[in-house]
Amino acid sequence: MKEFKGNVLFLDRSDINTDEIIPAKYLTEIEKAAMKPHLLEDLQLDGFHPKADIKEKAVIVTQDNFGCGSSREHAPWALEENGIYVVIASSFARIFRQNMFNCGMLAIELSKDRINTIFKEFGKSNVQIAVDVETSVIMIQSKDQTKKIEFQISEFDRALIKTGGWVEYADKHY
Amino acid sequence: MGKTIAEKIFEAHLADELFGDVSVLKLDRVFCHEITTPTAIRDLVSRGKDRVFDPDKIKAVIDHVTPAKDSKTAMQGKILREWAKRHGIKDFFDIGHNGICHAIFPEKGFVQPGFTIIMGDSHTCTHGAFGAFAAGVGTTDLEVGILKGVCTFKTPQTYKIEIIGTLPKGVFAKDIILKVIKEITVNGATNMVIEFRGNIVDEMNMDQRMTLSNMAVEAGATSGICLPDMTTVEYLWEFIKDEYSSRQDALDTFSRFRSDDDAVYAKHKTIDVSDLEPLTTFGYKPDNVKPVSQMKGIRLDQVYIGSCTNGRLEDLRIAAKVLEGHIINDHVRGIVSPATPKIFSQAMEEGILKTFMDSGFCVTNPTCGACLGMSSGVLSDGEVAAATTNRNFNGRMGKGGMVHLVSPATAAASAIKGEIFNSSLYCK
Ligand code: SF4
């Protein structure tokens, strides 16, 4: 199982699509590692500088409908290659969300209110998040405060995270 | 309590239930193309699991970048080609026989009512037009589909969208689906199946239904389903005639997948299209939609007619009708990509390709091409296109480019005018 903790990258926008996460022109690559330098390269977000802002981040916090558009699993791979194993959003596109868990990574849904509060209270500062999958708790911490937030994932998603993915599970059971 | 078509298909394919809310479904089809499958193949090989569950249920095509444009795309084709050969996948379509996945697979009769289908491609929802549950998936799900013929889905909720009224002249299925996306927004149907109903859908042919179902994912939907009827049977008849005693017999069999009258829907919307105008997108989201008549003076550099949304014969016929006798604007590069070889040769026989060429269009081979900005018509920074495709995301057709999604009629009229413009087929 991966470690789900580290510095937070805030992306204050909804509907960030997989073309923005990893542009189609890199889909000719067969190695996951080739995705690394191109994560969020085409993101439309004022003041966002892909290379500098991604550096040493491990968790993304964002708004609605993250990962919409193309089904490409290259999007979670690009995150994985950059050490970002957790995305926390108010909602996800179905395929992206499934791809994350299938890769043994976390896509956590919180209510819109919760997300807005996190942006309001923490969005401007250096923030760390640590996720405990076992107890379904997010610890969010800045210089001034620490907050504990509970979340829900299904038992199936938890099983995928723990066993390291769907391929091994399915080959054994079906 | 009645059931929806999606619920009936799930029930008929249930292999297992996990933790109460996850259904493991047996798959009737796993479709593959050269962009998302090679990574799945490589991973299976590295796990020592280079197997396929059933070579007859797997169909594969090279369609996104064909002919290969560089050594990387050549390698993707090679991996798929060799894999198909090694596992005896007979329905593999390579250059000379290949076309866009969501056009060629239905055309070959691979999709039937009640089927479960996955593919590593988000527009797999297109095949819902046949009354199938068809969904796009990522590489890992595709891998498991290839290996074991199963896939997991949460039990779907259904969004019933009734499209009613009388469709004005010159307004098409593309305009209708843009209207639907505008109304329910880009995540209005996330984790849901859209069921397209109403007299307008009943009156549509399969090409039009596929245009409708194709863009269901642009509203977040898992699949976009139309109920099977005689139109579906007619389309499929040449492929199924040995299995059924008559068309009515086939229809009776398929009808067990039609939603019950007392089925329960999570959401419901009725859209009357009697006053609908031709629509276009603006900006980088498919739900940024307005009437073409309100988009004055949008100067175009390129017009692209093709893709799994609108690259079928009827689409080309409509565009050619608008182009007939006209030359496209000097500053517009017109590109048309018929979606399959069959469509290409029919368009040739009907003189449609000549009309395109006489008007100044470049006719390419069947391919996804410009649709995803990987080949055959990439936009340069700051350029603007009108396209019959399905995604206007930033950078979709090339970094810094802007794409306006339109119907084939609007695309053709816009090519002539040099700006986004209503076609002469449209009269209020
Ligand atoms: S035509 Fe475009 S949307 Fe359709 S499968 Fe090809 S790349 Fe995807």
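1. The model is predicted, so local features need pLDDT of at least 70 and side-chain atom pairs count only at pLDDT 80 or more, while totals for chains, interfaces and linings use all residues. Residues are numbered from 1 along each chain as its sequence is written, chains are lettered from A and ligands numbered from 1 in the order in which they are written, and side-chain values use heavy atoms, with hydrogens and water left out.

2. This second largest cavity has a volume of about 70 Å³, and among the residues that line it are F172(B), K174(B), E314(B) and P408(B). On a 1 Å grid over the protein atoms alone, a cavity is a set of points where a 1.4 Å probe fits but cannot get out, whereas a pocket is an open set with protein on both sides within 12 Å along at least five of seven lines, and lining residues have an atom within 4 Å of a point. Grid points are joined across faces, edges and corners, and a volume is the space filled by probe spheres set on the points. By class, the lining has 4 nonpolar, 3 polar and 3 charged residues, where Ala, Val, Leu, Ile, Met, Phe, Trp, Tyr, Cys and Pro count as nonpolar, Asp, Glu, Lys and Arg as charged, and the others, Gly among them, as polar.

3. A search of the whole structure finds 3 cavities of 30 Å³ or more, and the largest cavity holds about 240 Å³ of space. It is lined by 24 residues, of which H64(B), D121(B), H123(B), L372(B) and R396(B) are the closest to its centre. Helix 4 (101–107) and helix 11 (307–310) of chain B each supply at least two residues of this lining, which divides into 8 nonpolar, 11 polar and 5 charged residues.

4. The largest pocket has about 430 Å³ of space, and its lining counts 20 residues, with R94(A), R97(A), Q98(A), K154(B) and N191(B) nearest its centre. Two or more lining residues come from each of helix 4 and strand 4 (106–109) of chain A and strand 8 (150–154) of chain B. The lining of the largest pocket divides into 7 nonpolar, 9 polar and 4 charged residues.

5. Over all chains the structure holds 17 aromatic pairs, a term that applies to rings of Phe, Tyr and Trp (its six-membered ring) if their centres lie within 6.5 Å, with planes under 30 degrees apart counted as stacked, over 60 as edge-to-face and the rest as tilted. F66(A) and F92(A) form an edge-to-face pair, 6.4 Å centre to centre with 90° between the planes. This pair links distant parts of the chain, 26 residues apart, with F66(A) in the loop between strand 2 (57–62) and helix 3 (74–81) and F92(A) in the loop between strand 3 (86–89) and helix 4 (94–102) of chain A. F92(A) also forms a stacked pair with F96(A), 6.1 Å centre to centre and 15° between the planes.

6. Two backbone features deserve a careful look. The peptide bond from T66(B) to P67(B) is cis, with omega near -5°, and P67(B) is placed in the loop between strand 4 (58–61) and helix 3 (71–86) of chain B. L40(A) is a residue other than glycine with a positive phi, near 60°, and L40(A) is buried, with a relative accessible area of 0%. For background, most residues other than glycine have a negative phi, and most peptide bonds are trans.

Definitions and conventions
Helices (H or I, at least four residues) and strands (E, at least two) are DSSP runs, numbered from the N terminus. Buried means under 20% relative accessible area, exposed over 50%, partly exposed in between (1.4 Å probe, protein chains only).
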